[in-house]
Amino acid sequence: MESLNLQHKLKNKWISTVASIWIQCSSGSLYTFSIYSPILKSTQHYGQSTLDTISVFKDIGANCGVLSGLLYTFATPYHRHHNHNACSNGPWLVLLAGAIQCFTGYFLIWTSVVGLIPRPPVVGMCLFMLLAAHAQSFFNTANVVTAVRNFPDYSGTAVGIMKGFLGLSGAILIQVYETVFNNRPTSYILMLALLPTINSLLLMWFVRIYEMNEVEEKKLLNAISFITLAVAAYLMVVIILEHLITLQLFVRVLTFVVLLVLVASPLCIVLRARERDFPVIHQSLMSEGDRLLDQPDAGKMPAAHDPACFHHSPITADQEMDAHCSRDSREEENLNLLQAICTMNFWILFFAMACGMGSGLATVNNLGQIGEALGYSSFETNTLVSLWSIWNFLGRFGAGYVSDHFLHVRGWARPVFMVLTLATMSIGHVVIASGLRGALYAGSILVGVCYGSQWSLMPTIASEIFGVRHMGTIFNAVTIAGPVGSYIFSVKVVGYIYDTEASGQGKSCYGTHCFMLSFLVMSFATLLGSIAALGLFFRTKILYHQVILGRLLHSMRK
């Protein structure tokens with residue numbers, strides 16, 4: 001019994017989720033490029049354009065994760081129907097590949113900076129950065145797709161948690177730097193080679209796929225979601241305090257210890273819940289099985305007791321059988337990448353993400369320069385840049401959680417929220433373009449939240465439209481739209497218009513005219529993305545109505 005109890009505590013989807021969360025917490029090294037880029041620039045004698053080129057390879061590596069998706073598909077078997085005893089530990093191979101790339105890339109960068117190896121050519125440094133950045137796609141793919149496989153009925157919430165912690169990981173790593181490696185960026189680069197690698201190697205054995213439904217999944221996911229929000233709120237307070245006052249070393253250590261406790265708390269919640277429910281679960285499952293054998297009609301659960309709250313679902317009793325048949329045919333249709341690329345839905349999703357992710361990346365990449373042009377102080381601009389990660393997190397987590405809620409309660413198809421967030425992002429761009437005092441604060445919040453929303457909505461929608469089997473490959477292919485859109489908006493729109501406006505003022509431009517036209521163009525583009533998402537909604541309306549909702553209803557009534 002003790003052996004069974006220990007296995008029950010350590011080998012389940014909740015321990016897998018906690019392990020994935022901890023891996024995500026150390027995977028956001030790319031968001032801290034500004035910490036070590038000055039030492040990279042000075043020791044390698046780079047100009048700003050060369051440093052920007054290396055940064056481009058960083059973005060390419062992070063957003064081109066098709067290989068990680070292919071490896072995940074190869075390493076993890078897919079069962080068409082849930083098997084209560086099915087367990088796959090294949091994700092460890094993807095995490096191992098990510099750990100090797102992370103260590104190799106950052107270790108070579110560190111050896112170049114400290115002079116252990118001769119100064120590499122620019123092409124070599126670009127490859128080092130590409131390798132280090134590419135590791136993030138492997139970590140992200142393994143954790144996100146595993147979460148979707150483990151929680152198919154609450155995939156939006158699960159993806160929101162994973163993407164949310166990845167968004168917060170940059171702020172978490174900055175806290176590590178400021179507490180342990182303050183003013184020592186060289187040591188920080190070595191830490192980036194070691195910490196994510198060791199963290200992944202230790203935890204990858206717990207990241208597994210458990211294709212079974214458990215009681216009270218939503219309750220525990222809500223508890224983890226609360227911790228996620230608490231971590232974000234705590235980091236926001238710490239960031240604001242750091243910009244207002246100078247924190248002493250003792251205070252920094254204390255705040256860092258509190259942060260570690262918050263990050264570790266999901267494990268305590270999961271272990272306590274599993275210990276409390278262990279005898280109850282087994283007894284209830286046995287009694288439930290006996291009850292179902294004795295009552296042939298027990299599967300017909302009254303609406304009042306439906307845990308999925310389908311009181312408002314558009315599915316009727318007559319449609320449920322059609323949905324069941326459609327679901328069976330749909331479950332066989334797990335499109336691979338080549339098949340998905342040949343569909344209109346893929347390119348609509350790609351275009352919408354190019355508009356949303358691309359304009360969001362262009363905004364954050366130019367936020368400091370925008371603040372300077374509009375007359376904001378360096379303190380105000382730095383605060384805006386620091387808080388962007390919080391708004392990004394709120395979008396990542398909030399969109400997944402809210403879309404799950406309305407899908408279960410109201411039967412709303414998930415692309416509706418892509419329509420709403422892209423339309424709101426369009427408004428945010430207009431607010432920034434206005435140049436009014438304080439508009440940059442309000443506009444950056446709107447754009448940041450809506451930009452983060454796309455990172456949780458897109459993978460979940462891709463899994464629902466194209467199937468889970470090749471989800472890692474397909475959503476990573478769609479992610480390429482981000483850097484493509486970022487290049488178009490950053491270089492061809494923002495950069496070109498800024499240089500044109502600054503041509504008569506030297507190299508710098510001051511005033512609302514510097515960025516007004518650029519943000520109006522991006523506002524129009526995101527509006528087009530919203531219209532494209534609306535088209536995707538109408539194209540997939542029947543799918544969500546008959547298949548997705550039918551699957552959720554069938555799962556909850558089993």
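Biologist: Why is His45 called exposed?
Modeller: His45 has a relative accessible area of 62%, and exposed means over 50% (buried is under 20%, partly exposed in between; 1.4 Å probe, protein chains only). The value of 62% is therefore in the exposed class. The model is a predicted one, in which local features need pLDDT of at least 70, side-chain atom pairs count only at pLDDT 80 or more, and totals for chains, interfaces and linings use all residues. Residues are numbered from 1 along each chain as its sequence is written, and side-chain values use heavy atoms, with hydrogens and water left out.

Biologist: How confident is the predictor, in terms of average pLDDT?
Modeller: The average pLDDT of the protein is 83, and 83% of the residues score at least 70; pLDDT is the predictor's confidence in each residue, from 0 to 100. Over residues 278-332, however, pLDDT stays under 50. For that stretch the model has 64 contacts beyond four places in sequence, a contact being heavy atoms within 4.5 Å.

Biologist: Which residues make the nonpolar surface patch?
Modeller: Val237, Ile240, Leu241, Leu244, Ile245 and Phe379 make a patch of about 520 Å². Patch members have over 30% relative accessible area and no salt bridge; nonpolar side chains (Val, Leu, Ile, Met, Phe, Trp, Tyr) are joined within 5 Å, and like charges within 9 Å. Helix α10 (residues 217-244) gives the largest share of the patch, four residues.

Biologist: Which residues have the most contacts inside the largest nonpolar core?
Modeller: They are Tyr106, Ile109 and Met418, in a core of 152 residues. Such a core is a set of buried Ala, Val, Leu, Ile, Met, Phe, Trp, Tyr and Cys residues joined through side-chain atoms within 4.5 Å. Helix α7 (residues 122-150) provides the largest share of this core, 14 residues. Leaving aside neighbours within four places in sequence, the contacts of Met418 include Leu349, Met353, Leu457 and Ile461. In soluble globular proteins, nonpolar side chains tend to be buried together.

Biologist: What makes the meeting of the Glu217 and Lys13 side chains a salt bridge?
Modeller: The N to O distance is 2.7 Å, and a salt bridge is a side-chain nitrogen of Lys or Arg within 4 Å of a carboxyl oxygen of Asp or Glu. The pair therefore meets the definition. Glu217 lies in helix α10 and Lys13 in helix α2 (residues 13-25), so the bridge ties together parts that are 204 residues apart in sequence.

Biologist: How many salt bridges does a search of the whole structure find?
Modeller: The search finds seven. One of them joins the side chains of Glu178 and Arg252 at 3.2 Å, N to O. Glu178 is in helix α8 (residues 155-180) and Arg252 in helix α11 (residues 249-294), 74 residues apart. Arg252 is at 16% relative accessibility, and therefore counts as buried. Another salt bridge links Glu464 with Arg414, with the closest N and O atoms 2.7 Å apart. These two residues are both buried. Through shared partners, salt bridges also join Glu178, Glu242 and Arg252 into one network.

Biologist: Why does Lys492 count as exposed?
Modeller: The relative accessibility of Lys492 is 52%, which is over 50%, so the exposed class applies. Lys492 lies in helix α20. Val484 is also found in helix α20 (residues 481-502), but at 36% Val484 is partly exposed.

Conventions: Helices (H or I, at least four residues) and strands (E, at least two) are DSSP runs, numbered from the N terminus. Accessible areas come from the Shrake-Rupley method with a 1.4 Å probe; for residues, only the protein chains shown count as cover.
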